[in-house]
Amino acid sequence: MADKRDYYEVLGVSRDASEDEIKKAYRKKAKQYHPDLNPGDAEAEAKFKEANEAYEVLSDSQKKARYDQFGHAGVDPNYGAGGGAGGFGGGMDFDLGDLFGSFFGGGFGGRQSNPNGPRRGEDIQARVTISFEDAAKGCKRTVDINRVDTCPDCHGSGAKAGTSPKTCPECGGRGYVNVQQRTAFGVISTQKSCQKCQGKGRVVDDPCQKCRGTGRVSNRASVDINIPAGIDDRQVFNVSGAGNAGVNGGPKGDLKVAVFVRPHPYFERDGYNVWLEQRVSFTQAALGDNLRIPTLDGDVKFDLPAGTQSGTVFSLKGKGIQILNGRGRGDQLVRIIVDVPKNLTHRQKELLVELEKELGVKRGAPVDSKKSGFFDKFKN
């Protein structure tokens with residue numbers, strides 16, 4: 001742990017930085033050290049991974065709180081300060097709140113009409129952080145979770161091998177008993193949970209040693225999941241039957257996976273479309289050029305028309321994000337940003353003045369938005 005740099009230092013932000021400031025700082029670092037922009041540079045690749053690790057912690061309010069309190073030990077699953085039972089990447093003690101909403105009802109609350117009937121297992125949670133590209137195209141991941149499985153020794157009965165549970169003699173297997181109370185209004189009959197069998201309707205005289213008579217045991221498990229193409233940041237998807245084991249032969253619960261997507265250094269998501277700001281030089285905009293535009297599928301050739309104005313948007317059809325659980329893809333929208341040259345030499349200034357005269361542009365004259373601009377006059 002001692003060789004790890006402070007995460008705030010990695011991103012170059014203060015400890016009281018806002019969520020937006022952390023995100024902007026990560027994007028800057030990711031763009032600076034992205035492997036696509038630094039091919040073959042091992043040091044840049046290491047710094048890119050370091051920035052990803054820092055952002056994954058500082059962008060998560062609960063991980064950030066643990067890191068602020070315990071340092072790296074608070075977010076490392078191999079250290080004791082990280083918290084409770086497992087989810088993906090260091091514990092399931094987080095509260096996703098509204099993110100999971102009503103997904104996590106379930107449970108075993110309330111008396112069952114048949115205490116010995118099958119009951120579905122509880123749903124459990126996990127989280128995974130993926131790249132922008134993986135969210136767009138889909139990917140496979142393995143998440144480590146803590147879940148409750150059927151006891152392998154007693155196969156869920158709770159009784160020692162060679163024995164079996166018996167019907168509770170106190171409640172006759174109903175799980176509750178009738179209680180009569182004499183009051184000023186007469187005798188009132190009520191029902192309460194059977195104390196002898198704890199409402200289960202059965203008793204185990206010789207419990208299984210492995211599960212202590214519960215029929216279920218806690219295990220650490222690795223689950224392979226397929227993250228669908230087109231999933232967005234903080235969306236939740238369901239892995240059926242990967243949750244806690246049921247009771248009395250009931251089905252397993254589900255695993256609810258919350259997906260967190262790291263921002264991309266130069267792509268921005270807008271629904272299923274992708275925005276990209278492409279910077280070009282003054283002369284490229286004026287004369288036109290053959291550009292190589294980065295997309296999710298790699299670079300594509302694009303003919304920039306002569307006289308392109310700064311702020312012009314071009315569309316690359318079908319180069320956006322896969323529609324979630326559907327067909328087709330969005331588009332990539334490319335906004336052209338013209339870099340106006342700075343710190344011109346004397347000779348360069350003279351050339352621009354000559355060009356200005358050739359185009360008939362009068363310096364100091366008010367701009368008329370209805371008339372053609374500089375690039376339009378050049379193009380004509």
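Reader: Is Cys154 buried or exposed?
Author: Cys154 is buried, at a relative accessible area of 8%. Buried means under 20% relative accessible area, exposed over 50%, and partly exposed in between (1.4 Å probe, protein chains only). This is a predicted model, where local features need pLDDT of at least 70 and side-chain atom pairs count only at pLDDT 80 or more, while totals for chains, interfaces and linings use all residues. Residues are numbered from 1 along each chain as its sequence is written, and side-chain values use heavy atoms, with hydrogens and water left out.

Reader: How many disulfides are there?
Author: Zero, in a search of the whole structure. A disulfide is a pair of cysteine sulfur atoms within 2.5 Å. For Cys154, the nearest cysteine sulfur is that of Cys211, 3.6 Å away.

Reader: New topic. What is the strand order in the open sheet of four strands?
Author: The order is S10-S11-S15-S14, with mixed pairing. Strands (E, at least two residues) are DSSP runs, as are helices (H or I, at least four), numbered from the N terminus. Two strands pair if DSSP finds at least two bridges between them.

Reader: Which are the edge strands?
Author: S10 (267-270) and S14 (313-316), each pairing on one side only.

Reader: How many bridges join S11 to S15?
Author: Eight, and the two strands run parallel. S11 covers residues 273-281 and S15 covers 332-339. Arg279 stands opposite Ile337 in S15.

Reader: Now charges. How many salt bridges does the structure hold?
Author: It holds 26. A salt bridge is a side-chain nitrogen of Lys or Arg within 4 Å of a carboxyl oxygen of Asp or Glu. One of them joins Arg147 and Asp149, with the closest N and O atoms 3.2 Å apart. Both residues, Arg147 and Asp149, are buried.

Reader: Which residue does Lys319 meet in a salt bridge?
Author: Asp297, at 3.7 Å, N to O. That pair links distant parts of the chain, 22 residues apart. Lys319 is partly exposed at 24%, and Asp297 is partly exposed at 38%.

Reader: What about Asp331, what is its partner?
Author: Lys317, with the closest N and O atoms 3.5 Å apart. Both lie in the loop between S14 and S15, so the pair ties together parts 14 residues apart in sequence. Asp331 is buried at 19%, whereas Lys317 is exposed at 65%.
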